[in-house]
There are 2 protein chains.
Amino acid sequence: MSRSKLLEGLKVIDITIVIAGPTVTYLLVDMGADVIKVEHPVRGDDARHFMPQKNGICSSFIWMNRGKKGLAVDLNKPEGQEIIKELAKQSDVLVENFTPGTMKRWGIDYETLSRINPGLIMVSVSGFGQTGPMSHLPGYDIVGQAMSGIMSVTGHPGGPPTRVGVLIGDTSSGAFGCIGLLAALYNREKTGLGQHVDISMQDVLISYYDLPTYTWEGKLLGRTGNRVPTIAPFDSYPTKDDRWVIIPAANNKLWEQLCEIMGRPELATDPRFADNPGRCKNYDELSEEISKWSSQHTLNEIIGLLQARGNPVSPILNIDEVLAMPHVKERGIVVDIDDPIAGRVSTANIPIKFSRTPASISGPAPMLGEHTREILSSLGYPEENINKLAQDGVIKVI
Amino acid sequence: MSRSKLLEGLKVIDITIVIAGPTVTYLLVDMGADVIKVEHPVRGDDARHFMPQKNGICSSFIWMNRGKKGLAVDLNKPEGQEIIKELAKQSDVLVENFTPGTMKRWGIDYETLSRINPGLIMVSVSGFGQTGPMSHLPGYDIVGQAMSGIMSVTGHPGGPPTRVGVLIGDTSSGAFGCIGLLAALYNREKTGLGQHVDISMQDVLISYYDLPTYTWEGKLLGRTGNRVPTIAPFDSYPTKDDRWVIIPAANNKLWEQLCEIMGRPELATDPRFADNPGRCKNYDELSEEISKWSSQHTLNEIIGLLQARGNPVSPILNIDEVLAMPHVKERGIVVDIDDPIAGRVSTANIPIKFSRTPASISGPAPMLGEHTREILSSLGYPEENINKLAQDGVIKVI
C-alpha cells in the first residue's frame, strides 16, 4: 500500500487548550493525521486571547493549531457530549489536557469512550497527572517549572530562581504525550486494543534531570549559572569584545586539543585537570585559566580557532541572529502560515525530518466553528438538526 | 495476540553516546524493546566518565542506559562494521547521535544499511541535523541552547544570558527522535518500508517558541525574568516570608477570581486590566498591585487562598522539596536502580503512564562489553572467532 503521509488516515479528536495538549496534535497533523480541534462555542481556546495578536487572533493559537479542523461544541451540554461519543466511534485517538476529572464530568472519560470503541487511545496531559493527591490541581507551564525543581537550578549563583524563557513544560509534556500515543498505536497494531496514556508535566520535567547530579552525597546542588556541573569545561567564558563564548569539552581528547589551542599544553597533563572528575573538582581554577585566555581574544577568533580543530564552540545568539543564520534558513525550521484572519505569520515547522514521507504544515488554524457543519454532516446529523443545535448554543457554525 | 509490553519484540541497535541519543533508546527499552547499546571497546560511552561517579561509573550513564544490553565494538575496524551489518539484517531500528558523516565513514550509513534491510528505520540525532552548512559541527546541549536563542531569553532583565539548568537540548532532541521513530514505525506497519529520521537539536529548541512573541513588529524581546510575556498575570511575586509565589491566571475567569481573593474586585473591571492584551500592555502596574498584596501574606497563606478557589498557584521548590512531596512519591517518577558497580542509584522513571501495558525500568545499565559474547553468538559467530576478535581489539568481552 502506498502512503504519501506518515500517519495518513489516522483520525484524532483534539479536546485541548493552550499549549501542552495542542503540541501533541500539531505533531500528528503535520505528520498527516486528520485532527478535529474541539473548542467552546463562545470562548474558544484560551490561547486565541493570548498575546501577541493580529486582528484579534493570537500567534500561539495559529502556531499550535495549524492544519486542524475546527468543531465548536459546548461539552457541558448533553447534546454536545453526544457529538463527541459519535466521533469517538470512528476515531483512533482522543487527546485532552483539561484538569483531571473534567472529562468524567462531561461523560466522555476513557472508561465511557473505551466501551464505545475499545481500540480508542486516549492521551491525557495535565499538570500533575491523573493519579496522586495533587492530580486535581490545575497546571501551567510556569507551575510545572516551579514544582519540578527546574527553576531552582536555572539562574546564577546568588541570583533568584529563574524560569526557562520558553514553554518547556508545555511543549515537553506534549512531546511525551505524542511518544505515548504513538507507542500505544504501535501496540494496537499488534493487539487491536487501545489504552489510556497519562502524562504529568511535573513527571516529564523531573525526568529531564540526572537526580544524583543534584543530590549526590546529600548535598543539594543549587544554581550553577551557565556551568554544567557534571562535565568540565562546559560553560560560557568572557571574550575580549565583551561577549560570551560557549566552550564544551566533554572528553579528554577535546580537552587536550583545547589546551593546545590555548597554547597551554601543560594543562592537559596537570594532575588537577587530567581527567573529568579532576576538572569538575578543581573547576574554579580551571575556569580562571580558560577565562584568562578567552578574555584576550574576540568571539570570532575563538570560534575560528576551535572549529579548525573540530572542537565544539558557539556564541550565544539572540533570536534575530538565529533566524538570520543561513543554516537555519536551509533547514526550513521557520515557515510562514497564511492565516485567514491574522495574515502572514512566521512560525516553527515540525522539527522532525523524514526521508521518505516528509511532514509539513498543511494549512492554517481553524476559525472558531469553521468546520462544525461539515463534521456534523459527515456524522449523519441532518441540516435542520445542526441548525437547531446552533440556535440552542450547543454548537457554533459559521 | 497478547503482548504484555508495549514494544515487545522490537529490535533496536543503539550507537549513541552521552544524553541525546540515549534518551531515544531509554524510552524504547522502558517500553519493552530489546536494545543493544554499542560502545567503543576501550573508552566506552563518554558519559561513563562524567560526574557524579560511584566506583568509577557516572550516574548519568546508569540513568540513560538502564535495561540495555552492552556490545563493545570498535567501529573504526572493518570486522566491527561487519558486526553492525549483521545486526542490521535482523533489527527494526538503529539510533545514532554521532556528528553527521561519522556513520558513512564507518560504512554503516542509512544508504548502506537500507540496502541490507529496506524495512530498517534509522534515527540520527545531532546538534545541527544531517543537512545544511553547519551540519558537520559537533553539538552539545549547551551549544544547542546557545544557538537556538533560548539562553538569550532565559534570565532576568539586565542580567546575563542563562543556561537552562537541565539538559533540555539533549533530552528534548531525544524525545523528538523517539516521536519520529515511532511515527515511522507506524508507517512501516502499513507500507513495509523504513526511512531515515533526521533530528537537529537546534531545530527542536527553535520549535519550542512561538516566534511572534519575540519578534513581533520588529522589536526583539529579550529576557523577561520569570514573567511569561504573552499572558498576564503569569509570573513570580514576592511573599511576606521572603519566598516567591507563582501566580498564573490565563483567562478572565481566573483573573476575576484572583481580584476577589486579593480583596480588589474593582481591578477586574479596571479598563487597564479587563482583558489579557490590556494586562500584558499594562504589566508593570499590574505587577505592582499583585506584589503589594503578595508581600503582605506568607507563601502558605497565598497558596491556601488560591487553591480554595481553584486558581493555579505554586511555590518554587528545590529538588529536595520536590522529592519529598507525597504526590511525587505516589506517582513513582523517582525509582532506584541496583547497579552492579555503583550500587543503588536513584533515577527518573519514564514519564509516561500506560493503562494496559505499563512501561518500567527493566534492569541496570550494561557493563562495558557485558553482552558482547552473547550477542555475537546469537549472530552465529563461532567462539574461536569471538576470541580472535577480542584478541585483536575489535571487541571487548568480559
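How many bridges join strand β5 of chain B to β15(B), and in which sense do the two strands run? Two bridges join β5 (residues 69-73) to β15(B), and the strands run antiparallel. This is a predicted model, in which local features need pLDDT of at least 70 and side-chain atom pairs count only at pLDDT 80 or more, while totals for chains, interfaces and linings use all residues. Residues are numbered from 1 along each chain as its sequence is written, and chains are lettered from A and ligands numbered from 1 in the order in which they are written.

**Chain A overall**

- Chain A has 18 helices and 15 strands; helices (H or I, at least four residues) and strands (E, at least two) are DSSP runs, numbered from the N terminus.
- Along the principal axes, the C-alpha atoms of chain A fill a box of roughly 85 × 45 × 45 Å.
- Of the 398 residues in chain A, 58% are buried; a residue is buried if 20 or more other C-beta atoms lie within 10 Å of its own, exposed if 12 or fewer, and partly exposed in between, with C-beta atoms placed from the backbone.
- Among contacts in chain A with a separation of 6 or more, 68% involve residues 24 or more positions apart; two residues are in contact if their C-beta atoms, placed from the backbone, lie within 7 Å.

**Relation between the copies**

- The contact between the chains takes 126 residues from chain A and 126 residues from chain B.
- Helix α7 (residues 168-191) of chain A gives the largest share of the side of chain A that touches chain B, namely 17 residues.
- That side of chain A divides into 72 nonpolar, 40 polar and 14 charged residues; Ala, Val, Leu, Ile, Met, Phe, Trp, Tyr, Cys and Pro count as nonpolar, Asp, Glu, Lys and Arg as charged, and the others, Gly among them, as polar.
- The copies meet through the same surface, because 100% of the interface residues of chain A are also interface residues in chain B.

**The sheet shared by both chains**

- Eight strands form an open sheet with mixed pairing, in the order β14(A)-β8(B)-β7(B)-β6(B)-β1(B)-β2(B)-β5(B)-β15(B); two strands pair if DSSP finds at least two bridges between them.
- At the edges stand β14 (353-354) of chain A and β15 (395-396) of chain B, each pairing on one side only.
- B:Val73 lies opposite B:Ile395 in β15(B).
- Helix α8 (residues 168-191) of chain B packs on this sheet and touches β14 of chain A as well as β6 (93-96), β7 (121-126) and β8 (196-200) of chain B.
- The direction of this helix makes about 165° with that of β7(B); axes are lines fitted to C-alpha atoms, for helices over the stretch in contact, and angles run from 0 to 180 degrees between N-to-C directions.
- Strand β8 (residues 196-200) of chain A pairs antiparallel with β14 (residues 353-354) of chain B over two bridges, and A:Asp198 has B:Lys353 as its bridge partner.

- Five bridges join β9(A) to β10 (residues 244-248) of chain A, with A:Pro238 partnered by A:Trp244.
- Strands β12 (residues 334-339) and β13 (residues 343-348) of chain A pair antiparallel over six bridges, and a hairpin joins them through three residues.

**Single residues**

- A:Arg223 lies in the loop between α9 (211-215) and β9 (234-238) of chain A, and is buried because 21 other C-beta atoms lie within 10 Å.
- Beyond its neighbours within four places in sequence, the contacts of A:Arg223 include A:His156 and, in chain B, B:Gly165.
- B:Glu260, in helix α11 (residues 252-261) of chain B, counts as partly exposed with 14 C-beta neighbours inside 10 Å.
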